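Visitor: I am new to this structure. Could you show it to me and walk me through it?

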Amino acid sequence: MNNSNFNIINQLVQEQKSLWRIENHYINEAQTDEERAFWEELRDAKIVHIAQLTAMAQQSLN
């Protein structure tokens, strides 16, 4: 595996871990509506990034 492929997969894993923490902890533990809104917005961005990185990984590994 070349370094570029490793970077894509590594970042995909990091984004997935971050999304899991946001969904399973941060949103539920938010103390204000503003904080909850921030975490939900970040969650939505992570979902997009994960989809993009997944597509990149599939493309690079073919």
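Visitor: Leaving aside neighbours within four places in sequence, which residues is alanine 57 in contact with?

Guide: Those are Ile8 and Ile9, where contact means heavy atoms within 4.5 Å. Please keep in mind that this is a predicted model, where local features need pLDDT of at least 70, side-chain atom pairs count only at pLDDT 80 or more, and totals for chains, interfaces and linings use all residues. Residues are numbered from 1 along each chain as its sequence is written, and side-chain values use heavy atoms, without hydrogens and water.

Visitor: What makes a set of residues the largest nonpolar core here?

Guide: A nonpolar core is a set of buried Ala, Val, Leu, Ile, Met, Phe, Trp, Tyr and Cys residues joined through side-chain atoms within 4.5 Å; buried means under 20% relative accessible area, exposed over 50%, and partly exposed in between (1.4 Å probe, protein chains only). The largest one has 6 residues: Ile8, Leu12, Leu19, Ile50, Leu53 and Ala57. Helices H1 and H2 (33-61) each supply at least two residues of this core.

Visitor: How many helices and strands are there?

Guide: The protein chain has 2 helices and 0 strands. Both kinds are DSSP runs numbered from the N terminus: helices are H or I with at least four residues, strands E with at least two.

Visitor: Why is methionine 1 called exposed?

Guide: Its relative accessibility is 71%, and exposed means over 50%, so methionine 1 counts as exposed. Methionine 1 lies in the segment before helix H1 (3-29).
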